[in-house]
There are 2 protein chains.
Amino acid sequence: MTHARPTVVLLTAEGVDPPTDLDAVRGIADVRECTADTLAEALPGAEILLVWDIFSGALAEAWHAADSLRWIHVAAAGVDKLLFDDLRTSTVLVTNARGVFDVPIAEYVLACVMAHDKQLHRTEALRLQGRWEHRETTRVAGRRALVVGTGGIGRATARLLRAVGLDVRGAGRRTRDDDEDFGTVVDSARLGEHLGGVDHLVMVAPLTGATRGMLGADELAALPDGAHVVNVGRGQLVDQQALTSEIASGRLSAHLDVVVVEPLPDGDPLWSLEGAHISPHMSGDVVGWRDTLSEQFTAHLRTWIDGGEPGPAVDKDRGYVSG
Amino acid sequence: MTHARPTVVLLTAEGVDPPTDLDAVRGIADVRECTADTLAEALPGAEILLVWDIFSGALAEAWHAADSLRWIHVAAAGVDKLLFDDLRTSTVLVTNARGVFDVPIAEYVLACVMAHDKQLHRTEALRLQGRWEHRETTRVAGRRALVVGTGGIGRATARLLRAVGLDVRGAGRRTRDDDEDFGTVVDSARLGEHLGGVDHLVMVAPLTGATRGMLGADELAALPDGAHVVNVGRGQLVDQQALTSEIASGRLSAHLDVVVVEPLPDGDPLWSLEGAHISPHMSGDVVGWRDTLSEQFTAHLRTWIDGGEPGPAVDKDRGYVSG
């Protein structure tokens, strides 16, 4: 069944640039632009919702007005902000920006891994003090990385880390020993049993009921001295207070592109710890990322109008696109 | 011809740790330990000189005392501090630490390239100010790198940069289009003609009469706006004053592991430029590097005693081991 000129609700926010490809969307659909405040007014009669303000959780409140909704596309990899029970049990299709962030985030993780092992931040701190202090750094090849999350981003990360010689395993829902990207995938529900000997722990899992807080105080304690945590998933995957303590003690260090409350509040101790390298949720945002996201939606929209399936569906119970 | 128990002069300096494998050397040779001041007293009758204080240029002064010298091993990749005309025209064999630094330095270069494109230093500077400022970074795959120097370190660097998707060429003495690591090698004597479109310029050439000052003001001006220079070779490859100006203007940035005068003098403007990431000549010095250097010499010494060739000779006219 094809769909004649559908109505697309574009959920955006003040200060967010519009989709670059919006003219193309307007050529094949009626577009109602709204923000969280006006979402309930925009939804009646609309078949499609484009969640362009990816941090918005406004749909749950406006759900009563979604009388014709068939498909929601979220212009992000993680859909944790969107999902709620009525949506889960509905027949509304949810898609995400699958693929767009895979290699950009993998590159970002590699940058963090290399910066850690080559002590670039320490060197820069010494440089700012005008200090020339020779130190020994670490050979990266042969270091052991565990990538928690075996979706597209985790796979791209594993491939890139392997390309420079790291010894990589994955942690996911389904254990196996013959994964093409990870080789071994250990059970992410028993993460603490697999952290001994890990040099770089990369958190890239989606935030779901099963993954929230998966890296808790016990798991952090199971990491060896000097281990390095990279979080490019969601802040809530980690017990942030426990991690802060481990970094403050000097036992662990971390690159955190995501934190529990974003932006990280003024005065949070993470801001001032030498071993906590905070970045503002930007790991996947390479030049042109908004264009890519916009073009991805337009292509999906064309497929939908032609009666096809617009990209793989998010498993609304699991909270991610299930391989 | 085998050599019965030779005499090895070990040229070291105060504050430099001795070779870790020195006991093994003493098992098969007589060792005379000296510093620059006592080198002339140590040399008479000795067949072998191990230059362990790799920044020493003391041999030229003490050359008159080298009445039995057959072989000099320098525990470094670069031999520019050692060479002088009388040594060049002599029959004394010179070997270096070929291979030891290849992958460590390649990894360091990759770390600098990734840190640049992912803006890690800027993020850390903002972090120190408690500022959460989202920015867009650069996709690394597809970026263009030119590696100046096609010896072992340059080759390892090219392989690693290619492994993460950069578009890599080399610059060397012999141009070609079918190099296994570089694909295309352009003429390093005409460097300025090959710098348009270069995102990352990696200087890893040995310092010789032909390479001194090869990256001058004209060549720097030929680099596109925003280009990034990584120098892990020798400071004297680059016109440091011209580079300082380009960085001060914000047009170029650099990771400089080597500079003309080391340590970089207090008050040098490079210390305080945001785009000049100075490190203290440490790119190849991974944990265990001194052990590796020491074991390499011991292995070469065994070969020499057995009448073999202790590693590939440095071409004393060219100033490096010629492929």
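Let's start with charges. The rule finds 4 salt bridges across the interface of chain B and chain A. One of them joins A:Lys118 to B:Glu107. The closest N and O atoms of that pair are 3.0 Å apart. Keep in mind that this is a predicted model.

Now the polar contacts. Between chain B and chain A, 22 residue pairs are in polar contact, with both partners at pLDDT 80 or more.

Which elements of chain B give two or more residues to the side that touches chain A? They are helix 5 (102–117), helix 6 (120–128), helix 7 (152–163), strand 13 (276–278) and helix 10 (289–305). Helix 5 of chain B gives the largest share, 9 residues. By class, that side of chain B has 28 nonpolar, 11 polar and 14 charged residues.

Next, the extent of the contact. Chain B puts in 53 residues, and chain A puts in 53 residues. About 4,500 Å² is buried between the two chains. Carbon and sulfur atoms give 65% of that area. Which residues of chain B lose the most area to chain A? They are B:Arg127, B:Trp132 and B:Trp271. Together they account for 19% of what the chain B side buries.

On to symmetry. Rotate chain B by 180 degrees, with 0.0 Å of shift along the axis, and it superposes on chain A with an RMSD of 0.0 Å. That is the relation of a two-fold axis. Which residue of chain B comes closest to the rotation axis? B:Ala163 does, with its C-alpha at 2.8 Å. Of the interface residues of chain B, 100% are also interface residues in chain A, so the copies meet through the same surface.

Now the rings. A search of the whole structure finds 8 aromatic pairs over all chains. Here is one within chain B: B:Phe101 with B:Trp289. The pair is tilted, at 6.2 Å centre to centre and 55 degrees between the planes. B:Phe101 lies in the loop between strand 5 (93–95) and helix 5 of chain B, and B:Trp289 lies in helix 10, so the pair ties together parts that are 188 residues apart in sequence. Helix 5 and helix 10 of chain B are also on the list of elements touching chain A.

Last, the backbone. Most residues other than glycine have a negative phi, and most peptide bonds are trans. Here are some exceptions. The peptide bond from A:Glu262 to A:Pro263 is cis, with omega near -10 degrees. A:Pro263 sits in the loop between strand 12 (253–256) and strand 13 (276–278) of chain A. In chain B, the bond from B:Glu262 to B:Pro263 is cis, with omega near -5 degrees. B:Pro263 lies in the loop between strand 12 (253–256) and strand 13 of chain B.

Then phi. A:Gln119 is not a glycine, yet its phi is positive, about 55 degrees. Where does A:Gln119 sit? Its place is the loop between helix 5 (102–117) and helix 6 (120–128) of chain A.

That's my tour. Over to you for questions.

Key
Residues are numbered from 1 along each chain as its sequence is written. Chains are lettered from A and ligands numbered from 1 in the order in which they are written. This is a predicted model: local features need pLDDT of at least 70, side-chain atom pairs count only at pLDDT 80 or more; totals for chains, interfaces and linings use all residues. Side-chain values use heavy atoms; hydrogens and water are left out. Contact means heavy atoms within 4.5 Å. Buried area is the accessible area (1.4 Å probe) that two parts lose on being put together, summed over both. A salt bridge is a side-chain nitrogen of Lys or Arg within 4 Å of a carboxyl oxygen of Asp or Glu. A polar contact is a pair of N or O atoms within 3.5 Å; within protein, one must be able to donate a hydrogen and the other to accept it, and residues adjacent in sequence count only if both atoms are side-chain atoms. Helices (H or I, at least four residues) and strands (E, at least two) are DSSP runs, numbered from the N terminus. Ala, Val, Leu, Ile, Met, Phe, Trp, Tyr, Cys and Pro count as nonpolar, Asp, Glu, Lys and Arg as charged, and the others, Gly among them, as polar. Copies are superposed by least squares on the C-alpha atoms of residues with pLDDT of at least 70 in both. Rings of Phe, Tyr and Trp (its six-membered ring) pair if their centres lie within 6.5 Å; planes under 30 degrees apart count as stacked, over 60 as edge-to-face and the rest as tilted.
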